[in-house]
Amino acid sequence: MRDLVAGMGYLAKGQKWVARHGRWWGFGMIPALITLVGYIVALVLLSTRADDLAAWATPFADGWGSPWQGLLRGALAAITFGGGLLIALITFTAVTLLVGQPFYESLCEKVDETEGGAPAKPEIPLWRELLISARDSLYVLVRVLAFGILLFACGFIPVVGQTVVPVAGFCVSGFFLVVELSAVALQRRGVPQAERIRLLRRRLPLALGFGVPLILLFLVPLLTVLAMPGAVAGATLLARDLVPVEEDQDGEEDPAAADESGEHPGGAPGEAPYGGGPAFASACPENPYAEPPQVRNPYQGGAEANPYRSAP
C-alpha cells in the first residue's frame, strides 16, 4: 500500500515540477502536439477512405441487393475506423516518446539536475538512441497486444469478463505505460529494457500507483498532451527511486547530489528523497539494488563499470 501511494505521489510531483518550470512544460508538450496532429490527420484520412476500403475488401458483395450490401460494408468501414482508433490509442505514448526522444532526454536531465545528483549522460549518438527507443517500444507494443488478445478472450467469460478483466486491462496498460515513460530516465542510467521491466515488476504497486491514474487521464487526448511533460518528469523521479545516483567509493555523497547548504535535497540522511521509504543507500533485503554507501551502483559509470552501457 505504501508503494501504491508513493507511485501516485510521483505522478503528482511530476506535474508540480513542470508547473514550477513553465518553460519546460511547454517544451515537453511539443512532441505530444506533433504526434496528436499526425494522428488526427491519419484518422481523418482513414474515415474518408473507410467506405472505399470496405468496397475494395468485399468485391463478392457487388451484386448483393439492398440492404445487405450496405450493412456489410458499413459494418466493415466502422470496424476499420475503430481498429485505427484503437491502434492510435495504444501506440500514442510510444510514438510520442520516439518523436520526443531529444526533448524528453533534456527534460529528464533537467529534472535530475534540479533534484540533485544527475547521472552522466550516455555517450552514444542520437541515431542510436532513436534506434534503441524504437526497438524497445516495439517490444513493449508486442507484449501489450499479447495481453490484449488474452484479456479480450477472457472478456467472454461470464461475470469475470465484466468485472475482473476491465480492472486487469487498466493494470496491464498502466504498468507498460510506466515502462515506456521511465525508459528515458533509466536508459540514461544505463539500465537495459529487460532489467527495467524486472525492476518495475519487483515494485509493482509503485508502478501501478503511477501508471493506472495516468491511463485514466490519457483516455482524453487533450489531457494526454497537457499531462505528458509532467508524466515524464514524474517517471524520472520514480527512476531515481528505483536506481539511485551512485555515491563515491569513500562513502561521501556525490557533490552533485547536495544543495548549496550541503544537505541532501530529499531530506535527512536515511530517508528516501521523495517519500518512497528508506533510502536506497541503506541495505534492504527485498531490494537487490539497495547497497551500502561504499558500494558503487552497477548502473552508473562508463562502459567498464556498467556492463549494460556500450562504449561510444
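Mentor: Let's start with Cys 171, which counts as partly exposed because its relative accessibility is 28%; buried means under 20% relative accessible area, exposed over 50%, partly exposed in between (1.4 Å probe, protein chains only). This is a predicted model, where local features need pLDDT of at least 70, side-chain atom pairs count only at pLDDT 80 or more, and totals for chains, interfaces and linings use all residues. Residues are numbered from 1 along each chain as its sequence is written, and side-chain values use heavy atoms, with hydrogens and water left out.

Trainee: And Cys 154, why does that count as partly exposed?
Mentor: Because Cys 154 has 24% relative accessibility.

Trainee: How many disulfides are there?
Mentor: The count is zero, taking a disulfide as a pair of cysteine sulfur atoms within 2.5 Å.

Trainee: New topic: how many residues are in the largest nonpolar core?
Mentor: That core has 52 residues, meaning buried Ala, Val, Leu, Ile, Met, Phe, Trp, Tyr and Cys joined through side-chain atoms within 4.5 Å. Among those with the most contacts inside it are Tyr 104, Phe 210 and Leu 214.

Trainee: Which residues does Leu 214 touch?
Mentor: Leu 11, Leu 177, Leu 181 and Ala 231, leaving aside residues up to four places away in sequence; contact means heavy atoms within 4.5 Å.
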